[in-house]
Amino acid sequence: MPAPERIPSRGLTEAGLRTLLAEGELTVLGRVRGASNAVLYCTVAHEGEERPCVYKPVAGEQPLWDFPDGTLAQREVAAYEISEATGWGLVPPTVLREGPYGEGMCQLWIEADAEAAPSDGLPPLLALVDTEEPGDGWKAVGLAEVGEGRTALLVHADDPRLRRLAVLDAVINNGDRKGGHLLSAPGGRLYGIDHGVTLNADDKLRTLFWGWAGEPLTAEATEVLDRLSAVLEPGAVLATRLGELITAAELDALRGRVESLRKAGRHPQPSGDWPPIPWPPV
């Protein structure tokens, strides 16, 4: 499957969108409810261009004992920078900037595809089935409690877009890949959001997308990992940029995960040292 087209920018390139997010005037319109940290829905305007965006001020972050260094906002930006280096464009344009409530992460708002709206409480690409094995086109995650002592098999789509995201999550050590952190945009684009708890030096991988665990990586993924290995070398542009966002130990651990994936040539499996599935899962 070829790499997806870039974000429909209505005349703005990816670099132009980053400039808009970084330099534009932020106007807060409201707060996104249900998030554990402050998430503000805004518009950003610059030189005649205006887009909706999300602004997450550092001042609104809840302290996490296992992420004592840096900020969640910095990790969100780092995840975007790594996504861009893959060429897959799996994370919306994201910058670190000053805003009405201080420094924070600013990310382009992605309008979800109305035809891919959640059904029965589950987002697209996920399902609960009353069978012991997933059907064609699906991968099993595990059994889930569905009430009244009943269980059902949680499955995810055997989708190349999702598989790319699974590789990215393994690279960035995503500790919270829930179904609700996926956005299906018009035109078939798939984005991942909410990357504040990533890039820890310790194994924190928690995801719903274990269906490929232990399976060989695709040739495309192998090429991407080779490219990441090169741009993460000390002194390379990406490595230098990430050094401004995460600690030296976390950067070394990132390099180690990339090399481990290259050497194994397979999708990772749960380590057993950390709960492999986030809660709540959606």
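**Salt bridges and a helix pair**

The side chains of D159 and R161 meet in a salt bridge, 2.9 Å from N to O. By salt bridge I mean a side-chain nitrogen of Lys or Arg within 4 Å of a carboxyl oxygen of Asp or Glu.

A word on what we are looking at. This is a predicted model, where local features need pLDDT of at least 70 and side-chain atom pairs count only at pLDDT 80 or more, while totals for chains, interfaces and linings use all residues. Residues are numbered from 1 along each chain as its sequence is written, and side-chain values use heavy atoms, leaving out hydrogens and water.

Another one pairs D66 with K204, whose closest N and O atoms are 3.3 Å apart. That pair links distant parts of the chain, 138 residues apart: D66 sits in the loop between strand 3 (49-57) and helix 2 (72-86), and K204 in the loop between strand 10 (190-192) and helix 4. Helices (H or I, at least four residues) and strands (E, at least two) are DSSP runs, numbered from the N terminus. Are D66 and K204 buried or exposed? Both are buried.

Now please find helix 4 (residues 219-231) and helix 6 (residues 248-264). Their axes come within 10 Å and cross at roughly 145 degrees. Those axes are lines fitted to C-alpha atoms, for helices over the stretch in contact, with angles running from 0 to 180 degrees between N-to-C directions. Which residues make the contact, meaning heavy atoms within 4.5 Å? Helix 4 brings L225, D226, L228 and S229, and helix 6 brings V258, E259, L261 and R262.

Two of those residues also form a salt bridge: R262 and D226, with the closest N and O atoms 2.8 Å apart. R262 in helix 6 and D226 in helix 4 are 36 residues apart. R262 is partly exposed, with a relative accessible area of 35%, and D226 counts as partly exposed at 35% too.

Last one: salt bridges that share partners join K56, E76 and D194 into one network.

How values were computed
Contact = heavy atoms within 4.5 Å. Buried < 20%, exposed > 50% of the residue type's maximum accessible area, 1.4 Å probe, protein only.
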